[in-house]
Amino acid sequence: MLYPFTVYFYVNKEDNSLHRRLEYGLTQALKDGSLAALFYESSLMDELKKHFNLQSASVHQIGNPLIKSKKQLETVTQLQTELLKHLNYSPAR
């Protein structure tokens, strides 16, 4: 199953500086590809590749009613699709 979900960082609500810095840094890292590179070159990805054989898998998408923004849903779906490709999943044609 492919379930769109998001990950949040929680900071002290009075620490606006940290909030802005985290948001800026993560946005930039996502845009320039460094966040993906860090993730896909990690030992976690090596372990996932060892234990998951997705070449013959069927993927079914289900909705997440907590994601209200179309743009956010598109971004999450794009990132999940990229992850599946890195895990050698290719949908049956």
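Biologist: Quick one to start: how many residues apart are Lys 50 and Glu 47 in helix 3?

Modeller: Lys 50 and Glu 47 are 3 residues apart in helix 3, so about one helical turn separates them. A helix here is a DSSP run of H or I with at least four residues, numbered from the N terminus. Before we go on, this is a predicted model, where local features need pLDDT of at least 70, side-chain atom pairs count only at pLDDT 80 or more, and totals for chains, interfaces and linings use all residues. Residues are numbered from 1 along each chain as its sequence is written, and side-chain values use heavy atoms, with hydrogens and water left out.

Biologist: Thanks! What does Lys 50 form with Glu 47?

Modeller: Lys 50 and Glu 47 form a salt bridge, with 3.1 Å between the closest N and O atoms. The term means a side-chain nitrogen of Lys or Arg within 4 Å of a carboxyl oxygen of Asp or Glu. Searching the whole structure gives 1 salt bridge.

Biologist: Is Lys 50 buried or exposed?

Modeller: Lys 50 is exposed, at 61% relative accessible area, and Glu 47 is partly exposed, at 36%. Buried means under 20% relative accessible area, exposed means over 50%, and partly exposed is in between, using a 1.4 Å probe and protein chains only.

Biologist: Changing topic: how many aromatic pairs does the search find?

Modeller: The search of the whole structure turns up 2 aromatic pairs. In one of them, Tyr 8 and Tyr 10 are tilted, 6.4 Å centre to centre with 45° between the planes. Rings of Phe, Tyr and Trp (its six-membered ring) pair if their centres lie within 6.5 Å; planes under 30 degrees apart are stacked, over 60 edge-to-face, and the rest tilted. Phe 39 and Tyr 40 also pair, with ring centres 5.1 Å apart and planes at 75°, so that pair is edge-to-face.

Biologist: Next up, where is Asn 64?

Modeller: Asn 64 sits in the loop between helix 3 (43-51) and helix 4 (70-86). With a relative accessible area of 13%, Asn 64 is buried.

Biologist: What is Asn 64 in contact with?

Modeller: Leaving aside neighbours within four places in sequence, Asn 64 is in contact with Tyr 3, Pro 4 and Phe 5, where contact means heavy atoms within 4.5 Å. Phe 5 is 59 residues away along the chain, yet its C-alpha atom is 7.2 Å from that of Asn 64.

Biologist: One last stop: where does Asn 88 lie?

Modeller: Asn 88 lies in the segment after helix 4, and is partly exposed at 47% relative accessibility. Not counting residues up to four places away in sequence, Asn 88 touches Leu 54 and Gln 55.

Definitions and conventions. Helices (H or I, at least four residues) and strands (E, at least two) are DSSP runs, numbered from the N terminus.
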